[in-house]
Amino acid sequence: MNQAVVVFTRIPEAGKTKTRLMPYYTPEECAGLHMAFLQDISKALEDTIADVYVAYTGGGAYEEAFWTLFPGAEFFTQEGEGLGERMYNALSHVLSVGYERCILIGSDVPYANKVDFNKAFTSLREKDYVLGPTEDGGYWLIGARAGEERMMKPMFSLSEYSHSQVLSDTLDMIPSWKTYALLEEKYDIDTIEDLLLFREESTGVTQASQAFLAEHHVISVIVPIYNEVAMIQPFLEQLQKLQNQCEVIFVDGGSTDGSTAVLREAVATDEGIRLIESEKGRGPQLNAGADAANGDVLFFLHVDSELPEDPVKEISHVLKNYKAGCFGIAFHSRNFFMWTNKVLSNRRAAKGIMFGDQGIFILRDLFYEVGMFPDIPIMEDYQFSLNLQAMGIPTGMTENTLYASDRRYRGGTIQKLRLMKHMADLRRRYRKGESPEKLLEEYPDIR
């Protein structure tokens, strides 16, 4: 065979690969995603008319499986000080074996296929070099014809490869009498935005990657706030249970009590926390958070909630069988009617009626399909659940509960019972068509 592909990669290793996807994925998940990318690249190369070489570095837990990824390939270690030198050495090493054409690819474009590779080899029949541009100004593929080993060395002499001029600077290094071809532009999967685009566009194309993404969700936690300064610090401590596993978006509706000042301090010290603003109102704030989110799962949470020990595991377990769900709810209060409230709320949730204080979570695509939260002053969570029911979407509930605040249910037993009855009456009147604006006048907005 007169042409070869060099897969230029590291052995997937936690904490050393796909690190820009943290904190949305754990280091171990980042390594697993990288492994899935390599599996899809290996599959694409099976039908490519070329010999396969793998230039690798690193080690770790995936090392044993790594050797089985590319059947029939020849493996060799990367050599050189910087990235450019290592790529040059790998490409020139394979060309020196006697191939007429050789291309080098990384692992950040797992959706590249045999058509892409064959176009690269076809280009090298007429051109000296071929490059595949990326949207961020780099390249996902580079190749050369035999005899270019010495001449192409300056093309790999850049001092760094993490800026937006990598492709143009590389092209500037090509002598004027040499020719090159550019392939179709693609995007590297480096950031969370790249990953979400890949999730949407590559269904059925990259089987291993899609299977991984189906099991490992990126969760965006959306927390609406309005004058909640007393609750924010305890809630930030709750977020330790989500550390390095989710992004958290606080959506402020115009607080005047210092809430945003506390949150800005948290944002400054934790890159996983963001603060945005929207018009006041639970629905508009939740929707604004969804629009700003990067995750494929949206988790709507109240600031006075107390999470179970491993909320991400709870959510992931439910999403294996459902597209939406919520947590079971409990209260710290030992009052009989608060226990009754818990039982009734969980029974409603089991039938598909989820309320905001139960921590609703839903696949992003479905959230928009159902029409987001309705733009009404109250009952937005109730109507959202009714809309899901109308679409025939079943919902799940977690095994372990979160604790909701009982601050709305102030006073003794009689006062609690009256409020519970009043809330049930508001829902009944809403179902019969009474306007949310009218019901809002009787809604106890207690903080």
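This is a predicted model: local features need pLDDT of at least 70, side-chain atom pairs count only at pLDDT 80 or more; totals for chains, interfaces and linings use all residues.
Helix α6 spans residues 192-201, and helix α7 spans residues 207-215. The two helices pack with their axes 10 Å apart, at an angle of about 110 degrees. Because angles of 65 to 115 degrees count as roughly perpendicular, α6 is described as roughly perpendicular to α7. The crossing of the two helices, α6 and α7, is left-handed.

The contact is formed by residues from both helices. On the α6 side, the residues are L195, F198 and R199; on the α7 side, they are S209, Q210 and L213. By class, three residues of this contact are nonpolar, two are polar and one is charged.

The second feature is empty space inside the protein. Such space is found by rolling a probe the size of a water molecule over the atoms. One cavity of 30 Å³ or more is present in the structure. The volume of the largest cavity is about 70 Å³.

The lining of the largest cavity consists of P224, R282, L286, F300, L301, H302, G356, I360, F373, E380 and D381. Two elements, α10 (282-292) and α14 (380-390), each give two or more residues to this lining. R282 and L286 lie within the range of α10, while E380 and D381 lie within that of α14. Sorted by class, the lining of the largest cavity contains six nonpolar, two polar and three charged residues.

Technical notes: Residues are numbered from 1 along each chain as its sequence is written. Side-chain values use heavy atoms; hydrogens and water are left out. Axes are lines fitted to C-alpha atoms, for helices over the stretch in contact, and angles run from 0 to 180 degrees between N-to-C directions. Helices (H or I, at least four residues) and strands (E, at least two) are DSSP runs, numbered from the N terminus. Angles under 35 degrees count as roughly parallel, over 145 as roughly antiparallel, 65 to 115 as roughly perpendicular and the rest as oblique. A crossing is left-handed if the near helix is turned anticlockwise from the far one by less than a right angle, and right-handed if clockwise. Contact means heavy atoms within 4.5 Å. Ala, Val, Leu, Ile, Met, Phe, Trp, Tyr, Cys and Pro count as nonpolar, Asp, Glu, Lys and Arg as charged, and the others, Gly among them, as polar. On a 1 Å grid over the protein atoms alone, a cavity is a set of points where a 1.4 Å probe fits but cannot get out, and a pocket is an open set with protein on both sides within 12 Å along at least five of seven lines; lining residues have an atom within 4 Å of a point. Grid points are joined across faces, edges and corners, and a volume is the space filled by probe spheres set on the points.
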